[in-house]
Amino acid sequence: MPRLSVIIPCFRVQGFLRECLDSVLEQSCHDIEVIAVDDRSPDGCGAILDEYAARDPRVRVLHLPENVGLGRARNAGLPYASGDFLLFLDSDDTLAPGALEAVTDRLAETGDPDVLVFDYARTYWWGGTRRNALAELLGATSEVFTAAERPEILDLLMVVWNKVYRRSFVEENGFRFPPGYYEDTPWTFPVMLSAARIATLDRICLHYRQRRQGNILSTTSRKHFDVHDQYQRVFAFVEARPELAGWRPYLHRKMGEHCLDILAKPDRLPPADRGEFFRRTAELYRAFRPEGAAQGGGDLDVLGGSYTAYRLRQQAARAGREGGRQALRVRQAARTRTRRALTGLRGLRPLDEELVLYSAASHQGLRGDPAAVYRAAREIAPHLRGVWVVRDAEVAAGLPAGVEHVLPDSPEYQRLAARAKFFVNDVNWPGTLVKRPGSVHVHTHRGTPLKYLGADLLGKPGARLGFDVPQMLRRADRWDHSLVANRHSELVWERAYPCHFASARTGSPRNDVLVTGGRTGFRDRYGIPAGHTVVLYAPTRRDYVRGGHAERIDLARFAADLGEGHTLVVRLHPALATGPARGAGLAELHRRGILVDATGEPHVEEVMLAADALVTDYSSIMFDYANLDRPIVMHADDWAAYTASRGAYLDITAEAPGHVSHSYRELAWLFASGGWRDEESARLRADFRSRFCEFDDGRAAERVVRTLLLGEPMPEPARVPGPAGAPDLLAST
């Protein structure tokens with residue numbers, strides 16, 4: 001008996017069907033069976049299914065004699081399912097790699113619940129990906145529960161395909177799909193309300209394809225009236241079970257909201273039928289109103305009136321939205337006038353020689369080089385007033401006590417920006433900031449450059465998609481000083497940003513702590529045993545992949561292959577921290593203790609200090625980590641694709657800071673054999689450090705404060721000569 005039965009109904013999806021089937025059959029979990037139901041599809045679906053069944057014994061095909069629709073096609077597959085659990089997969093969707101193994105592990109961990117709810121991501125026809133907006137509900141608890149204990153679980157998309165079901169639970173309750181559209185509604189509500197044990201899996205297991213056309217629910221048709229019949233079935237189910245009577249108010253509200261949502265969609269109902277749909281909805285809403293319940297409430301009170309009144313309310317809402325947009329434009333114009341007025345006053349009001357405005361990572365708080373400069377200034381020059389520009393109140397709440405801050409575009413920000421003598425930032429200030437004569441802009445950058453940046457992106461149209469290079473250069477024209485950690489950076493910045501700044505050979509302030517050996521509480525916070533070897537994996541984003549995330553390594557396998565006495569710590573690129581990348585398995589592996597997810601750590605220096613070795617691909621973190629003089633392994637299995645899409649200033653695979661792996665097998669062997677820290681690794685690292693850590697002497701932040709803010713003399717850091725015969729880093733570009 002297999003662990004999972006995957007039931008796939010198929011109708012007019014020949015263009016997507018192979019991808020769907022491959023996503024199932026190529027899973028690392030093989031204890032499955034696939035029951036594919038050909039719902040009398042008029043295209044090539046039947047032949048494709050037969051082809052797969054002929055070469056894989058796990059696939060069984062049912063050819064229905066007539067088209068019965070999605071729900072009843074699923075029903076047709078149910079009697080043939082022999083697995084412990086059922087998963088219903090739509091034939092234009094796909095499973096994420098490793099999804100079924102994660103599902104079976106979670107089922108075992110939770111003692112075979114009645115239902116397991118997992119996460120999904122919408123994948124759009126134009127290439128975009130968006131994670132389920134309510135994903136945090138899936139990670140709220142690791143225990144099993146009922147819907148009554150956690151009713152918020154019903155706020156998730158109530159569809160059949162983001163769950164797996166214990167087959168005996170389904171059979172005992174006789175759950176089946178009805179005919180018609182919205183067939184998931186009378187399945188999911190009864191199932192979720194009846195389940196005695198529900199578990200969740202905070203991992204993206206399914207990619208929900210958003211087709212440009214052909215989606216049934218986006219088809220204009222009277223079949224959308226089926227939603228009324230489906231809710232009648234839900235209420236009939238509840239009526240037959242007195243113990244569920246308490247759910248009637250919730251279901252009553254949900255029905256009204258669902259039907260009004262369908263009515264509000266412009267592509268669902270024929271225009272001539274919209275009034276009838278409204279009236280039918282209102283009738284049901286009155287018929288199923290719980291005894292003693294008040295009429296309507298909020299947006300639902302429209303169901304107590306006429307269709308004409310509903311239309312007038314919709315028109316008023318649209319007018320209100322347009323009015324809101326107009327008000328926003330008025331406020332923006334007022335802010336612009338305020339900025340211009342302040343600009344006009346600059347000639348009359350002197351600069352504040354002791355005011356320093358700081359920002360880092362697009363106003364995300366005390367981070368990186370600006371934070372290191374700020375701390376050094378408070379110690380060396382306490383008379384300087386340092387003010388941080390932070391994105392919003394949430395970021396402000398996370399600032400250490402005593403840190404002065406201001407929100408962007410607030411009147412106070414405008415006043416400070418008009419008077420500040422110094423500006424310290426690691427990304428460009430907004431274009432609205434007008435540089436005043438006499439003010440000093442210190443640009444710290446965000447690491448040593450490997451990939452193309454600035455004006456060099458003009459020759460890489462894919463990498464600069466949505467990126468305004470001329471505008472960026474106009475903002476860079478405000479820089480007075482550009483901090484560099486090595487001569488490579490100096491050459492790159494002067495080429496990539498053809499502007500009027502002076503290179504300051506200060507070193508990277510944020511790396512001072514790496515040079516001097518600062519302390520970190522990272523291991524204690526995450527419960528890493530004192531004797532463990534910590535391996536930090538820090539991949540960068542890809543420009544050749546929509547969204548930037550490409551899974552190059554099976555993280556669970558890598559953690560297992562490292563073996564006892566090792567802890568794998570993963571830190572994704574900051575640009576991927578809030579996207580679907582962490583939900584693709586990283587968050588779940590962290591919860592299960594297989595690895596540590598450090599993506600959300602605001603101070604990467606603490607993570608680096610805790611690591612005994614670094615594995616990266618083409619992330620600039622390698623240049624910073626080299627200051628620790630600890631082993632580095634480069635995993636470069638897609639170097640050709642990376643450089644073709646983004647461009648690179650040097651062949652890092654030929655001038656690497658350590659051994660280079662070109663496949664997972666090579667990477668695993670380096671750690672299994674001990675090669676990751678052999679003599680050759682140390683030699684490569686020494687050459688790399690001499691070239692790219694030459695100005696990092698542990699006093700960079702002090703040097704910035706004394707020389708650039710206070711105007712005091714201070715010697716440049718002693719430069720370490722590069723290796724003999726080192727090529728011109730930019731010769732090939």
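Ser661 is in contact with Met634, His635, Ala636, Asp637, Glu666, Leu667 and Leu670, once its neighbours within four places in sequence are set aside. The residue lies in strand β22, which covers residues 660–661. Its relative accessible area is 0%, and since anything under 20% counts as buried, Ser661 is buried. All of this is read from a predicted model, so please keep that in mind for the rest of the talk.

Two other residues can be described in the same way. Ser508 is in the loop between β16 (502–504) and α16 (512–516). With a relative accessible area of 10%, Ser508 is buried. Its contacts, again leaving out neighbours within four places in sequence, are Asp369, Ala485, Asp696 and Ala700.

Ala584 is also a loop residue, found between β18 (566–570) and α19 (586–591). Its relative accessible area is 18%, which is under the 20% cut-off, so Ala584 is buried. Not counting residues up to four places away in sequence, Ala584 touches Arg203, Ile204 and Glu551. For a sense of scale, take Val434, which is 150 residues from Ala584 along the chain. The C-alpha atoms of Ala584 and Val434 are separated by 42 Å.

Now the chain as a whole. How many helices and strands does the secondary structure come to? The chain has 25 helices and 22 strands. The radius of gyration is 30 Å, close to the 27 Å that the globule rule gives for 733 residues, so the chain is as compact as a globular protein of that length. Along the principal axes, the C-alpha trace spans about 85 × 65 × 45 Å. Of the 733 residues, 53% count as buried. The chain exposes about 31,800 Å², and carbon and sulfur atoms supply 50% of that area. If you take contacts between residues at least 6 apart in sequence, 74% of them join residues at least 24 apart.

The buried residues are Thr185, Pro186, Trp187, Thr188, Phe189, Pro190, Val191, Met192 and Leu193.

Trp187 takes us to the aromatic residues. It belongs to one aromatic cluster together with Phe88, Tyr165, Phe169, Phe175, Phe177 and Phe237. Phe237 has a charge over it as well: the charged end of Arg241 sits over the ring, 3.7 Å from its centre. There is another arrangement of this kind at Phe225, where Arg222 lies over the face of the ring, at 4.4 Å from the ring centre.

Across the chain, the count comes to 38 aromatic pairs. I will show two. In the pair of Tyr358 and Trp388, the ring centres are 5.3 Å apart and the planes are at 20°; planes under 30 degrees apart count as stacked, so this pair is stacked. Tyr358 is in strand β10 (residues 352–359) and Trp388 is in strand β11 (residues 385–389), so to speak two distant parts of the chain, 30 residues apart, linked by the pair. Are these two residues buried or exposed? Both Tyr358 and Trp388 are buried.

The second pair is Phe558 and Phe671. Their ring centres are 5.8 Å apart and their planes are at 75°; because that angle is over 60, the pair is edge-to-face. This pair also links distant parts of the chain, with Phe558 in helix α18 (residues 555–562) and Phe671 in helix α23 (residues 664–673), 113 residues apart. Phe558 is buried, at a relative accessible area of 1%. Phe671 counts as buried too, at 11% relative accessibility.

Last, the confidence of the model. The mean pLDDT of the chain is 89, and 92% of its residues reach 70 or more. Where does pLDDT stay under 50? One stretch is residues 343–347, for which the model has five contacts beyond four places in sequence. Another is residues 720–733, with 27 contacts beyond four places in sequence.

Technical notes:
Residues numbered from 1 in each chain as written. Predicted model: local features only at pLDDT ≥ 70, side-chain atom pairs only at ≥ 80, totals over all residues. Heavy atoms only, no water. Phe/Tyr/Trp six-rings, centres within 6.5 Å; stacked < 30°, edge-to-face > 60°. Helix = DSSP H or I, 4+ residues; strand = E, 2+ residues; numbered from the N terminus. Buried < 20%, exposed > 50% of the residue type's maximum accessible area, 1.4 Å probe, protein only. Lys NZ or Arg CZ within 6 Å of the ring centre and 35° of its normal. pLDDT = per-residue confidence, 0-100. Contact = heavy atoms within 4.5 Å. Rg over C-alpha atoms; globule rule 2.2 N^0.38 Å. Areas by Shrake-Rupley, 256 points an atom, 1.4 Å probe, with all protein chains shown as cover.
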